Amino acid sequence: MSTVKHLEFSATIHAPVPTVWRLMIGPESYKRWACAFAEGTYFEGSWGQGAKIWFLSPPSGDGMVAEIAQNREGEFISIRHLGVKSHGVEDTTSEAVRAWAPMHEDYSFISVGDGTKLLVELDAPDEWASYMNEAWPRALALLKRMSEADSAA
């Protein structure tokens, strides 16, 4: 059984919280920053509290099965990862999944002056930690660039 690491990432973005929030969870803008994890990454479902959501990669449509544990608009989102989707089949009960699920991924949006501090906290199995340590800083840099360009427009 793998151990789980707590990881934290943050970015200070020179754009107001509503802009960062909108671009982080909008269907099209999500694809633009989440490509740091896998080219073409997208989500299906809703960011509404209690809703089911899937984080998927083309062309297979494989990825993560989750639910939105909390959504306080403009402040905080907590994603509870429940399992994986592979070849169209959801797995939330296998021994491999139960070794790490449920895991949380939390986004805190903190207003700082005329900008936003975005804090991302997540738990990741050891075997995913190095990937997350590489991908999240790239993702946040993309979101920062998008948000600041949008805010300046």
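Pro102 sits in the loop between helix 3 (95–98) and strand 7. Helices here (H or I, at least four residues) and strands (E, at least two) are DSSP runs numbered from the N terminus. A cis peptide bond joins Ala101 to Pro102, with omega at about 0°. The peptide bond from Pro58 to Pro59 is cis too, with omega near -5°, and Pro59 falls in the loop between strand 3 (52–57) and strand 4.

Before going on, a word on the source: this is a predicted model, in which local features need pLDDT of at least 70 and side-chain atom pairs count only at pLDDT 80 or more, while totals for chains, interfaces and linings use all residues. Residues are numbered from 1 along each chain as its sequence is written, and side-chain values use heavy atoms, with hydrogens and water left out.

**Helix 4**

Let's take helix 4 next. With 27 residues (126–152) at 1.5 Å a residue, helix 4 should span 39 Å, and its end C-alpha atoms are 39 Å apart, so the two agree. The expected span is 1.5 Å times one less than the number of residues. Helix 4 also bends by about 35° at Met132, where the bend is the angle between axes fitted to the seven residues ending there and the seven starting there.

Which residues of helix 4 are buried? They are Ala129, Met132, Ala135, Trp136, Ala139, Leu140, Leu143, Met146 and Ser147. Buried means under 20% relative accessible area, exposed means over 50%, and partly exposed is in between (1.4 Å probe, protein chains only). The cover over these buried residues includes strand 1 (4–13), helix 1 (17–25), helix 2 (27–34), strand 7 (103–112) and strand 8 (115–125).

**How the helices pack**

Two packed helices are described by the angle between their axes and the distance between the axes. Axes are lines fitted to C-alpha atoms, for helices over the stretch in contact, and angles run from 0 to 180 degrees between N-to-C directions.

| Helix pair | Angle | Axis distance |
|---|---|---|
| Helix 2 and helix 4 | about 130° | 8 Å |
| Helix 1 and helix 2 | roughly 85° | within 5 Å |

The angle makes helix 2 oblique to helix 4. For the cut-offs, angles under 35 degrees count as roughly parallel, over 145 as roughly antiparallel, 65 to 115 as roughly perpendicular and the rest as oblique. On the helix 2 side, Ser29, Arg32 and Trp33 make the contact, and on the helix 4 side Trp136, Ala139, Leu142, Leu143 and Met146 do. Contact means heavy atoms within 4.5 Å. By class, the residues joining helix 2 and helix 4 are six nonpolar, one polar and one charged. Ala, Val, Leu, Ile, Met, Phe, Trp, Tyr, Cys and Pro count as nonpolar, Asp, Glu, Lys and Arg as charged, and the others, Gly among them, as polar.

Helix 1 and helix 2 are roughly perpendicular to each other. Here Arg22, Leu23, Met24 and Ile25 of helix 1 meet Pro27, Ser29, Tyr30 and Trp33 of helix 2. The contact of helix 1 with helix 2 has six nonpolar residues, one polar and one charged.

Helix 1 itself is largely enclosed by the rest of the structure, because seven of its nine residues are buried. Those are Val17, Thr19, Val20, Trp21, Leu23, Met24 and Ile25.

Asn71 lies in strand 4 (residues 62–72). Trp47 is 24 residues from Asn71 in sequence and 7.3 Å from it in space, C-alpha to C-alpha. Beyond residues up to four places away, Asn71 touches Trp21, Trp47, Gly48, Gln49, Phe76 and Ile77.

Asp62 is also in strand 4. With residues up to four places away not counted, the contacts of Asp62 are Phe55, Leu56, Ser57, Lys85, Ser86, His87 and Gly88.

His87 belongs to the loop between strand 5 (76–86) and strand 6 (89–91). It has a positive phi of about 55° although it is not a glycine, and at 73% relative accessibility His87 counts as exposed.

Val84, in strand 5, is partly exposed, with a relative accessible area of 24%. Leaving out neighbours within four places in sequence, Val84 contacts Gly63, Met64, Val65, Val89, Glu90, Asp91, Val97 and Trp100.
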